[in-house]
Structures are given as structure tokens and as C-alpha cells.
Amino acid sequence: MTTTTAITNIGSLVTNDPALGDGTPLGLIQDATIVLEGETVAWVGPAVKAPAADQSHDAQGRAAIPGFVDSHSHLVFAGDRTQEFNARMSGRAYSAGGIRTTVAATRAATDAELEANLTHYLAEALRQGTTTFETKSGYGLTTEDEARALRIASRHTDEVTYMGAHIVSPDYAEDPAAYVDLVTGEMLDACAPHARWIDVFCEKGAFDGDQARAILTAGKARGLHPRIHANQLSYGPGVQLAVELDAASADHCTHLTDADVDALANSDTVATLLPGAEFSTRAEWPDARRILDAGATVALSTDCNPGSSFTSSVPFCIALAVRDMGMTPDEAIWSATAGGAAALRRTDIGVLREGARADLAFLDAPSHVHLAYRPGVPLVSEVWRRGVRIG
């Protein structure tokens, strides 16, 4: 029989289930207990109603939240782009090749080097409360390099995304159509067995709407579900295409028309906002308030990558979203947990209720609001993943 563990003396518990708590989207419970059985949650509620358990763990009055769900990252890479960042922050033009710089370093790296880099950043994220993450290929841009990136990623997460359509490979700079043929043909054949999702950067300088549709449609035919880098740098067809193809998520969503916002609000496509990218590039902030007020579902994620958002910290992104994107602290914490789960079309994570996965983060604070109230402070003091205490 599986041992049960009661985590007691939780000062404030975010469940993301309104039926369990105060009726708000966060489903807050004060003076709470949560009972874990194996990898799942067996019971959640006020301490005075808690059932008996085989063993207990004292939360010492701290706040607890579901583990963060980071639904957008690019973690299979080698090298970094320090010089590019330094030049950008110093006001100097820099033309070292951007993504192409990372492509060259990634192609040159061994499998062991790529995996060591990946696990380093995963451990970094886990210490900060991230218990589920999605990650993409996209820094190989050859059939062999894209497939090996996905094989490596799939050893560490089920949420693996094929993104051979990150940019047109430098090898095909003079023939983008031939590269699209590769991405939808031989490369897709090699990568599909290792991925759940397919993604494309639909943007000027990357792939236009017709190319993006062809790539995502080919992926759907191979059983991969779409997600899209959409409307990050300019207005474009990305969001409308995401809704048309029932993409789980349209990511970035910085430049939106009223029609784009309406389309998101009337679909199952989540608007995933990535404030680390705007912070690191000094770009225009997405208007989260506008999207939320329209009724669309919003997720918050890190976009952790070596070029435009080199942070693995969801708490940092929560603070940015509250300060600069018009979100309330409650909306930001929901979007970084339940919103991320929605962007991955998952119901077993991002929530703490009976039957959910036992992923929790404890804060050295009395309330989840402190994640935005005390930016930059390492408030995550303890993490449980699949019912196991990590730290």
C-alpha cells in the first residue's frame, strides 16, 4: 500500500480550484492541509477537516502553490550570446548572427554536452518552483541535429516540441522553399516519433503565414499538435492561424489587432505571454490586461533561451507581468500554473485537487502575492514533484 503524507500548517494554499476554496479562480484555502498519496493528491482542504495520514510534514505557516508550469522554453542548445546581449544593452548595433550563432555552437556540441546543459537549467528551474516544462528543438536545423535535440529532451519531459521551423537554416538561405520541404518531409519523419508538439516562428524574417500553415498542417498529419510563435515583433497572421488550426497556444502575442484578441477569446488557443523576452530586448510589453478583459486564457512562461530571454525564473516573469503588463498578482500566479497547464492541454498539473499530480512549491512568505511584491528574492524554499520532496 502507498504511504500517505499530510502536509500540515500551510498558511495559505493556492489550489486553482474555486470549488475547494474561497470561490475565486485561485481557490485559496487558509490554514490548509494537503494529503499526498504516491505521485498524486489524495485530499485538500481546511486543516480542521483533514483525514489521518501515515506521516506528516510541517509547512511552518508558509504559503503553498501548485508547481509552476513553464510551457515555453528553448533549452537544448550550446554556448551563450553574452556579447550580443552586452552590445544590445550598451546601445550598440550587433550583427553576429543571432540565432545562427547558437545554431553553430549547438551543431558543434556533443550529445553529452547538450544534455548536461539541459539538465543544468532544468535543475535551476526546479529550485525556483518549476515542476513541469516544455522545451523545443530549433537550434540544429538539420535532420540529424533536430532529431537528436528531441531525443535528448524527451528523456527529461513529455512536453517536447519539434521546431525545425525556428528560422530558415543558413544552409538554405538562398532557397527557403527547399527548407520548408525539408522541415515538412525528411526532418519531420525523423523528429515526429520524439515529440508531442510542432511549432513555427511565424514572423517577418522567419516564416510567413503560408509557410507556417504548410509546416503546422504537415505536423498535424503526423500526429503533432500545433503551437505558434505569433505576433512577437510585428502584426501578422500568426494568431489567426493559431486559432484556425486549433493550436494549443499562440506565444508572445505582443502586436495584436482587435480581431486577433477576439479570435483568442473565442477559441481554445491560449495566449502565452513571455515577459522575459521584452525585458531582455527592451521591446514593447504585451498588453495582458486587454487580452484578459476580452476573456482569453493567458499563460505566463519564461521563454528561456540564450538569445532573447536567458532566465529560468517564473517568479521573475510573474513580477514583470504584474509591474509592466497590467496583470494582478492573482492573475499572474494563475497564468504561471493553471494557465501553463492549459497551454499544454493538461488537467493533471497546475492545480491542487484530488487526483492531480502532487507538484507543489512552498514560499518563504505568508502569501503568493509576495512573488510580485518581493521581486528578485528567492522565495521558493521547498519543492515537491510527483509527491517527492526535492528541497
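What follows is a walk through some local features of a predicted model, from a helix to its salt bridges.

The model is a predicted one, in which local features need pLDDT of at least 70 and side-chain atom pairs count only at pLDDT 80 or more, while totals for chains, interfaces and linings use all residues. Residues are numbered from 1 along each chain as its sequence is written, and side-chain values use heavy atoms, with hydrogens and water left out.

Helix H3 is a handy place to start. Helices (H or I, at least four residues) and strands (E, at least two) are DSSP runs, numbered from the N terminus. H3 covers residues 111-127, and its end C-alpha atoms sit 24 Å apart, which agrees with the 24 Å that its 17 residues should span at 1.5 Å a residue. That expected span is 1.5 Å times one less than the number of residues. Leu 114, Asn 117, Leu 118, Tyr 121, Leu 122, Ala 125 and Leu 126 of H3 are buried. Here buried means under 20% relative accessible area, exposed means over 50%, and partly exposed is in between (1.4 Å probe, protein chains only). An α-helix has 3.6 residues a turn, so residues three or four places apart point the same way. The cover over the buried residues of H3 includes helix H2 (99-108), strand S7 (130-133), helix H4 (143-154) and strand S16 (380-385). After H3 comes Gly 129, with a positive phi near 100 degrees.

Ser 312 brings the story back to part of that helix. This serine is in the loop between strand S14 (298-300) and helix H12 (314-324), and it counts as buried because its relative accessibility is 8%. Its side chain makes a polar contact of 2.6 Å with the side chain of Glu 124 and another, of 3.1 Å, with that of Gln 128. A polar contact is a pair of N or O atoms within 3.5 Å; within protein, one must be able to donate a hydrogen and the other to accept it, and residues adjacent in sequence count only if both atoms are side-chain atoms. Leaving out residues up to four places away in sequence, Ser 312 touches Tyr 121, Glu 124, Ala 125, Gln 128, Thr 130, Thr 302 and Cys 304; contact means heavy atoms within 4.5 Å.

Asp 251, in strand S12 (residues 249-252), is a buried residue with no salt bridge. A salt bridge is a side-chain nitrogen of Lys or Arg within 4 Å of a carboxyl oxygen of Asp or Glu. For Asp 251, the nearest side chain of opposite charge is Lys 136, 4.7 Å away; Lys and Arg count as positive and Asp and Glu as negative, with His and the chain ends not counted. What Asp 251 does have is polar contacts from its side chain to those of His 72, at 2.6 Å, and Ser 249, at 2.3 Å. Beyond its neighbours within four places in sequence, Asp 251 is in contact with His 72, Ile 228, His 229, Ala 230, Thr 272 and Leu 274.

Lys 136 has a partner elsewhere: Asp 199, with the closest N and O atoms 2.8 Å apart in a salt bridge. Lys 136 lies in strand S8 (residues 135-136) and Asp 199 in strand S10 (residues 197-202), so this pair ties together parts that are 63 residues apart in sequence. Both Lys 136 and Asp 199 are buried. The structure holds 24 salt bridges. Among them is the pair Asp 324 and Arg 323, at 2.9 Å from N to O; Asp 324 is partly exposed at 26% relative accessible area, whereas Arg 323 is exposed at 63%. Glu 382 and Arg 389 also form a salt bridge, at 3.4 Å from N to O, with Glu 382 buried at 3% relative accessibility and Arg 389 partly exposed at 47%. Elsewhere, salt bridges that share partners join Glu 159, Arg 196, Arg 346 and Asp 348 into one network.

As for disulfides (pairs of cysteine sulfur atoms within 2.5 Å), the whole structure has zero. The sulfur of Cys 202 has its closest cysteine sulfur in Cys 253, and at 12 Å that is too far for a bond. Cys 202 is buried at 4% relative accessibility, and Cys 253 is buried at 1%.

Two residues other than glycine turn up with positive phi: Gln 60, near 60 degrees, and Arg 386, near 55 degrees. Gln 60 is in the loop between strand S4 (55-58) and strand S5 (63-66) and counts as exposed at 60% relative accessibility. Arg 386 lies in the loop between S16 and strand S17 (388-389), and its 32% makes it partly exposed.
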